[in-house]
Amino acid sequence: MTCIYGDVMDIETTGASEETARQDNLTVQGVAASRKLAEHDLGRMKKYRDLIIKVGRAHQMDPAIISGIISRESRAGAALKDGWGDHGNAFGLMQIDKRYHTPLGKWDSEQHISQGTQILIDFINEIRRKFPDWPKEHQFKGGISAYNAGPRNVRTYDHMDVGTTGNDYSNDVVARSQWFKQNGF
């Protein structure tokens, strides 16, 4: 499937921080940790695969990126209580923050995944406008970082994750997404 925002396999990544890797008591960090975290979520992620692919096609977004965000945000649902996370502020697989958006659909529905994907696209487009001279893949990664901490947090390419959860958000999501891409998403 063609993704008009860039190719996830062409995005440079350092992967998960030590803090993020500790979620699963991993002794590795970086890309290896991100891959392990994604692998741990695969069983749960498989039940959403068809929905993710359908939404990805509709939005021209790589399903692997949607999967990477779902893995990072909610551990494919495992980190949620009645569909909610972040102390009751974020909803669904993609953790849509109710303080900034009105969540749509059930926590694991096509409507929810579509809303989260559109929010991501809106952030990518905002980063494109903010940094028109960045290569496409840099803008893509900046949009992923903005999904977590907002577009104002993205100031430079090399430090876009400073201020995100774990200070590694886009790097971890990209590494997880690359793993999902290589494993059928």
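So, the sheet: three strands make an open one, in the order β1-β2-β3, paired antiparallel. Strands here are DSSP E runs of at least two residues, helices are H or I runs of at least four, and both are numbered from the N terminus. Two strands count as paired if DSSP finds at least two bridges between them. At the edges sit β1 and β3 (96–97), each pairing on one side only. Two bridges join β2 to β3, and F91 stands opposite I96 in β3.

Quick word on the model: it's predicted, so local features need pLDDT of at least 70 and side-chain atom pairs count only at pLDDT 80 or more, while totals for chains, interfaces and linings use all residues. Numbering runs from 1 along each chain as its sequence is written, and side-chain values use heavy atoms, leaving out hydrogens and water.

Now, which residues does the UniProt annotation "active site" cover? In that unreviewed entry, they're E73 and D86; such annotations may be inferred rather than shown by experiment, and positions follow the numbering used here.

Let's take D86. You'll find D86 in the loop between β1 (84–85) and β2 (90–91). Leaving aside residues up to four places away in sequence, D86 touches Q95, D97 and R99, where contact means heavy atoms within 4.5 Å.

And E73? That one is in helix α4 (residues 63–74).
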